[in-house]
Every structure is written in structure tokens, then in C-alpha cells.
Amino acid sequence: MTVEEIAWEFAGVFDELDASQINEMLAKNVPLETLGFFTEYAEQFGKVEGIAGDSEKRLPNLMVIGYLMRVLEERLLEDEEPSV
């Protein structure tokens with residue numbers, strides 16, 4: 001799969017989840033420390049770059065989505081590797 005195909009598949013699956021399913025998926029795939037890092041980093045980044053309002057509040061979510069897409073991509077690549 002290409003990165004674009006992964007993104008579309010991810011968006012489709014993510015769109016079908018309710019809040020409790022999203023929370024469960026996050027708990028299973030994103031360490032709590034990582035979520036904390038994204039929150040702190042996004043806050044600092046928003047201040048430095050002058051991002052405010054709703055956009056600033058969405059930065060941690062965008063970072064988590066990027067992280068999840070990368071995790072998915074790595075798992076798909078592992079599945080494609082031939083067994084020895």
C-alpha cells in the first residue's frame with residue numbers, strides 16, 4: 001500500500017468509530033507518555049508559531065493521527081516482509 005492509500009483507509013476506519021472505540025484504540029496503540037508528549041509539544045509549537053484558537057487545540061490530535069498512521073504503516077511493512 002502507498003502512504004496515500006494508508007491515509008485513506010485510516011480515515012475511513014477512524015470515521016466509523018465512536019468516542020469509546022477511539023479511546024480504546026488509543027489505549028492499545030499509543031503509550032500514555034506519548035500522548036503527554038504530543039500535548040506538551042503541540043502547546044509549545046502553537047505558541048512559537050502563533051497558532052491559536054481551535055487550530056491550536058487540534059494540534060495534539062493531528063500529531064496523534066500522524067503517529068497512528070506511522071504505526072499502521074510499520075505494521076503493514078512488517079506483514080509484507082518474507083518469513084525466513
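## The largest pocket

Eleven positions line the largest pocket of this structure: Glu-9, Phe-10, Val-13, Phe-14, Leu-17, Met-25, Asn-29, Leu-68, Val-71, Leu-72 and Arg-75. The model examined here is a predicted one. Helix H1 (3-16), H2 and H4 are the elements that each give two or more residues to this lining. The volume of the largest pocket is about 210 Å³.

Sorted by class, the lining of the largest pocket consists of eight nonpolar residues, one polar residue and two charged residues.

## Asn-29 in the lining

One of the lining residues, Asn-29, belongs to helix H2. The side chain of Asn-29 makes two contacts of interest here. With the side chain of Arg-75, another residue of the pocket lining, the side chain of Asn-29 forms a polar contact at 2.8 Å. The Asn-29 side chain also reaches the backbone oxygen of Met-25, at 2.9 Å.

When residues up to four places away in sequence are not counted, Asn-29 touches Tyr-67, Leu-68 and Arg-75.

## The largest nonpolar core

In soluble globular proteins, nonpolar side chains tend to be buried together. The largest nonpolar core of this model has eight residues, namely Phe-10, Ile-22, Met-25, Leu-26, Val-30, Phe-38, Val-64 and Leu-68. The most is given by H2, with three residues.

Phe-10, Met-25 and Leu-68 are among the core residues and also among those lining the largest pocket. Apart from neighbours within four places in sequence, Phe-10 is in contact with Ile-65, Leu-68, Met-69 and Leu-72.

Key: Residues are numbered from 1 along each chain as its sequence is written. This is a predicted model: local features need pLDDT of at least 70, side-chain atom pairs count only at pLDDT 80 or more; totals for chains, interfaces and linings use all residues. Side-chain values use heavy atoms; hydrogens and water are left out. A nonpolar core is a set of buried Ala, Val, Leu, Ile, Met, Phe, Trp, Tyr and Cys residues joined through side-chain atoms within 4.5 Å. Buried means under 20% relative accessible area, exposed over 50%, partly exposed in between (1.4 Å probe, protein chains only). Helices (H or I, at least four residues) and strands (E, at least two) are DSSP runs, numbered from the N terminus. Contact means heavy atoms within 4.5 Å. On a 1 Å grid over the protein atoms alone, a cavity is a set of points where a 1.4 Å probe fits but cannot get out, and a pocket is an open set with protein on both sides within 12 Å along at least five of seven lines; lining residues have an atom within 4 Å of a point. Grid points are joined across faces, edges and corners, and a volume is the space filled by probe spheres set on the points. Ala, Val, Leu, Ile, Met, Phe, Trp, Tyr, Cys and Pro count as nonpolar, Asp, Glu, Lys and Arg as charged, and the others, Gly among them, as polar. A polar contact is a pair of N or O atoms within 3.5 Å; within protein, one must be able to donate a hydrogen and the other to accept it, and residues adjacent in sequence count only if both atoms are side-chain atoms.
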